[in-house]
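The sequence and structure come first.

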Amino acid sequence: MSSSTEKSITNNLTIIGSGPAGLTAALYAARGNLNPLVIEGFPPGGQLTLTTDVENFPGFPDGVMGPDLMIKFREQAERFGAKIITGEVTKVDFNSKKLQLFLDDNTIIDSSSVIISTGASAKMLGLQEESELIGKGVSTCATCDGFFFKDQIVVVVGGGDSAMEEALFLTKFAKKVFIIHRREEFRASQIMLERARSNTKIEFILNSEITQINNPKENKVTDIIIKNNKNGESKSMSTDAVFIAIGHIPNTSLFKDFLNLNENGYILTDEGTKTNIPGVFACGDVQDWEYRQAITAAGSGCMAAIDTERYLSNL
Ligand code: NAP
């Protein structure tokens with residue numbers, strides 16, 4: 001029996017997620033008269049809304065701010081009729097004849113097709129205290145929280161492009177930025193690594209991992225314990241903030257009972273963006289563990305819209 005507050009929508013195409021993949025899919029689908037409905041999750045606009053300068057998106061020779069780029073994506077999709085609503089998909093049912101999506105406001109969407117572009121979320125270190133200190137000195141977003149650490153000491157964890165980017169951004173505010181990385185080799189691109197290395201505010205602490213972040217009782221970070229992986233020695237270090245930049249986990253928990261995922265939880269796609277369920281397509285970081293760029297996400301969003309159009313016209 002349905003609750004009195006339930007609302008049902010029957011829809012042609014529903015797109016879950018509003019990053020570069022989802023909004024490009026929405027743009028192409030809207031222009032193809034598929035009447036797409038986009039459920040924008042959090043953060044709306046995806047990971048690019050949490051970043052600053054994007055220098056590698058073609059068409060912007062002087063770079064563009066991530067949030068500004070996402071506003072343009074959104075406006076372009078809406079211009080052609082894409083409908084975007086804020087909401088969280090809490091459950092899906094891909095077993096029934098219609099593909100069903102259940103939203104947090106009790107809306108049930110019966111959709112003929114679904115494009116999944118839920119992206120990926122920041123990985124955490126797994127320390128008990130880090131969740132208690134999120135927003136109180138522990139952060140996964142320098143753009144969002146760097147401003148709060150003006151003239152303070154901060155650490156960034158990781159050895160990839162994200163860690164370099166976060167550290168470089170933080171030098172605009174902090175008086176000292178330490179990059180803590182668990183080994184000596186870096187995943188970061190040479191250009192980003194060199195930029196970090198040549199910044200006098202940045203210092204590297206290698207072969208080291210954070211084993212403890214103190215002090216939750218005061219609701220702010222005061223110091224951390226770092227363990228040297230080579231000699232096993234631990235030492236305390238004062239810091240005002242810990243920025244974690246160690247990669248991402250795909251947002252696929254909603255789909256694990258229905259879709260084929262790889263061992264790391266990414267959606268497996270075939271023949272373009274098709275999943276194992278007819279009518280369900282996936283694009284962007286949720287199915288791309290290799291390239292993970294805004295431009296590749298946008299490209300796969302375009303592919304998903306074209307694949308969906310072909311699927312719907314063959315129904
Ligand atoms: P990534 O390349 O996977 O790097 C993650 C880093 O975190 C690695 O150095 C890894 O160490 C470390 N790490 C992972 N788990 C850890 C743990 N539990 N404890 C300590 N360290 C841990 O991830 P990313 O830096 O987020 O980059 C992802 C993709 O986005 C890349 O393709 C990157 O090029 C791209 N990206 C591009 C830009 C840009 O061009 N402006 C900016 C950001 C990201 P190990 O090396 O030892 O595994």
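In this predicted model, a polar side-chain atom of Ser 162 is placed 2.6 Å from an oxygen atom of the ligand. Arg 187 also has a polar side-chain atom at 2.6 Å from a ligand oxygen atom.

The shell around the ligand holds 19 residues, of which Asp 161, Ser 162, Arg 182, Arg 183 and Arg 187 come nearest. Sorted by class, this shell has three nonpolar, nine polar and seven charged residues. Helix H5, residues 161-170, gives the most to the shell, with three residues.

The next topic is the sheets. Five strands form an open sheet in the order S10-S17-S11-S12-S13, with parallel pairing. Strand S10 (138-139) and strand S13 (202-205) each have a single partner strand, so one side of each of these edge strands is left without a neighbour in the sheet. Within this sheet, strand S11 (residues 153-157) runs parallel to strand S12 (residues 176-180), and five bridges join them. Val 157 stands opposite Ile 180 in S12. H5 packs on the sheet and touches S11, S12, S13 and strand S17 (241-244). The direction of H5 makes about 165 degrees with that of S11.

Another open sheet consists of three strands in the order S14-S15-S16, with antiparallel pairing. Which strands stand at the edges of this sheet? They are strand S14 (208-214) and strand S16 (234-238); each has a single partner strand, so one side of each lacks a neighbour in the sheet. From one strand to the next, the twist averages 30 degrees. S14 and strand S15 (residues 223-228) run antiparallel and are joined by six bridges. In S15, Ile 224 is the bridge partner of Ile 213.

Strand S6 (residues 89-93) and strand S7 (residues 99-103) also run antiparallel, with four bridges between them. The two form a hairpin with five residues between S6 and S7. Val 92 has Leu 101 in S7 as its bridge partner.

In general, strands of a sheet pair through backbone hydrogen bonds, either parallel or antiparallel. The strand pairs described above are listed here.

| Strand pair | Direction | Bridges |
|---|---|---|
| S11 and S12 | parallel | five bridges |
| S14 and S15 | antiparallel | six bridges |
| S6 and S7 | antiparallel | four bridges |

Methods
Residues are numbered from 1 along each chain as its sequence is written. This is a predicted model: local features need pLDDT of at least 70, side-chain atom pairs count only at pLDDT 80 or more; totals for chains, interfaces and linings use all residues. Side-chain values use heavy atoms; hydrogens and water are left out. A residue is near a molecule or strand if one of its heavy atoms lies within 4 Å of it. A polar contact is a pair of N or O atoms within 3.5 Å; within protein, one must be able to donate a hydrogen and the other to accept it, and residues adjacent in sequence count only if both atoms are side-chain atoms. Ala, Val, Leu, Ile, Met, Phe, Trp, Tyr, Cys and Pro count as nonpolar, Asp, Glu, Lys and Arg as charged, and the others, Gly among them, as polar. Two strands pair if DSSP finds at least two bridges between them. Contact means heavy atoms within 4.5 Å. Axes are lines fitted to C-alpha atoms, for helices over the stretch in contact, and angles run from 0 to 180 degrees between N-to-C directions.
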